[in-house]
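Me: I would like to go through a structure with you, one topic at a time. Could you take my questions as they come?

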Amino acid sequence: MSHALTAAAAGFGTGLSLIVAIGAQNAFVLRQGIRRNAVLAVVAICALSDALLIALGIGGMGTLVVAWPGALTTVAWIGGLFLLGYGALAARRVLRPQGALATEGDATGSLRRAVLTCLALTWLNPHVYLDTVFLLGSVAADRGPMRWTFGLGAALASVCWFAALGFGARLLGRFLTRPAAWRALDALVAATMVTLGATLLAGA
């Protein structure tokens, strides 16, 4: 039992260390959480996607990721262009602030847009495959028979992080009642997206 707890704790710590850093996905979850828009759907997509990628890595798919550099290059180009486009939209919001209560179309359209954007930010980033599938999968392999317990801990870390980020972000709502605050947030999102998009394209 102690070995299982140790493996799960190690997986939790390793998984958390890979996802906490500010990135396109985290910035999007944060903004959705503050706007209280499709938070449950976005958190679920991020957590379930991580769990699937972790499982693929532990199952040995990491070698295929490394063996197909052409596929990663294609994903890098698509993901980089997508991030630049999303960053441009965030930059436009900086120039045209809409405030905390702004809506983006009807509720159904907003949910669909949020889901599609979240899926793109999650699956069109080649670093996700290298970090989650290859790196985490390699570390888990060293755990031998406890590798799946390690993976369970890593998946739990994703659930905790994205839930805290998405549902905890609403606590910042009272600080974002002024348009200037939303402009600052959108400026952060724009800078993050553009930087990551340019990095992906430069490395493609």
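Reply: What follows is a conversation about this model, which is a predicted one.

Me: Let us start with helix 1. How many residues has it, and how far does it reach?

Reply: Helix 1 covers residues 2-19, which is 18 residues. From its first C-alpha to its last it reaches 26 Å, close to the 26 Å expected at 1.5 Å a residue.

Me: Which residues of helix 1 are buried?

Reply: Ala7, Gly11, Gly15 and Ile19 are buried in helix 1. They lie on the same side of the helix, because they cover an arc of only 90° around the axis.

Me: Why would residues spaced like that point the same way?

Reply: An α-helix has 3.6 residues a turn, so residues three or four places apart point the same way.

Me: And what is on the face turned away from the buried side?

Reply: That face of helix 1 carries the exposed residues Leu5 and Ser17.

Me: Changing topic: what is the volume of the largest pocket, and how many residues line it?

Reply: The volume of the largest pocket is about 460 Å³. Its lining has 24 residues, and those nearest the centre are Leu18, Gln25, Asn125, Val128 and Asp131.

Me: How do the lining residues divide into nonpolar, polar and charged?

Reply: In the lining of the largest pocket, 13 residues are nonpolar, nine are polar and two are charged.

Me: Now the aromatics. How many aromatic pairs does the structure hold?

Reply: There are two aromatic pairs in the structure. In one of them, the ring centres of Phe28 and Tyr86 are 6.0 Å apart and the ring planes stand at 75°, so this pair is edge-to-face.

Me: Which residues form the aromatic cluster?

Reply: The cluster is formed by Phe28, Phe82 and Tyr86.

Me: Where is Arg36, and what about Ala38?

Reply: Arg36 is in the loop between helix 2 and helix 3, and Ala38 lies in that loop as well. Ala38 has a positive phi of about 55° and is not a glycine either.

Me: Last one: where does Leu116 lie, and is it buried or exposed?

Reply: Leu116 belongs to helix 5 (residues 107-123). At 53% relative accessibility, Leu116 counts as exposed. The C-alpha atoms of Leu116 and Val42 are separated by 9.5 Å, while the two residues are 74 residues apart along the chain.

How values were computed
Residues are numbered from 1 along each chain as its sequence is written. This is a predicted model: local features need pLDDT of at least 70, side-chain atom pairs count only at pLDDT 80 or more; totals for chains, interfaces and linings use all residues. Side-chain values use heavy atoms; hydrogens and water are left out. Helices (H or I, at least four residues) and strands (E, at least two) are DSSP runs, numbered from the N terminus. Buried means under 20% relative accessible area, exposed over 50%, partly exposed in between (1.4 Å probe, protein chains only). The expected span of a helix is 1.5 Å times one less than its number of residues. The arc is that of the directions from the helix axis to the C-beta atoms. On a 1 Å grid over the protein atoms alone, a cavity is a set of points where a 1.4 Å probe fits but cannot get out, and a pocket is an open set with protein on both sides within 12 Å along at least five of seven lines; lining residues have an atom within 4 Å of a point. Grid points are joined across faces, edges and corners, and a volume is the space filled by probe spheres set on the points. Ala, Val, Leu, Ile, Met, Phe, Trp, Tyr, Cys and Pro count as nonpolar, Asp, Glu, Lys and Arg as charged, and the others, Gly among them, as polar. Rings of Phe, Tyr and Trp (its six-membered ring) pair if their centres lie within 6.5 Å; planes under 30 degrees apart count as stacked, over 60 as edge-to-face and the rest as tilted.
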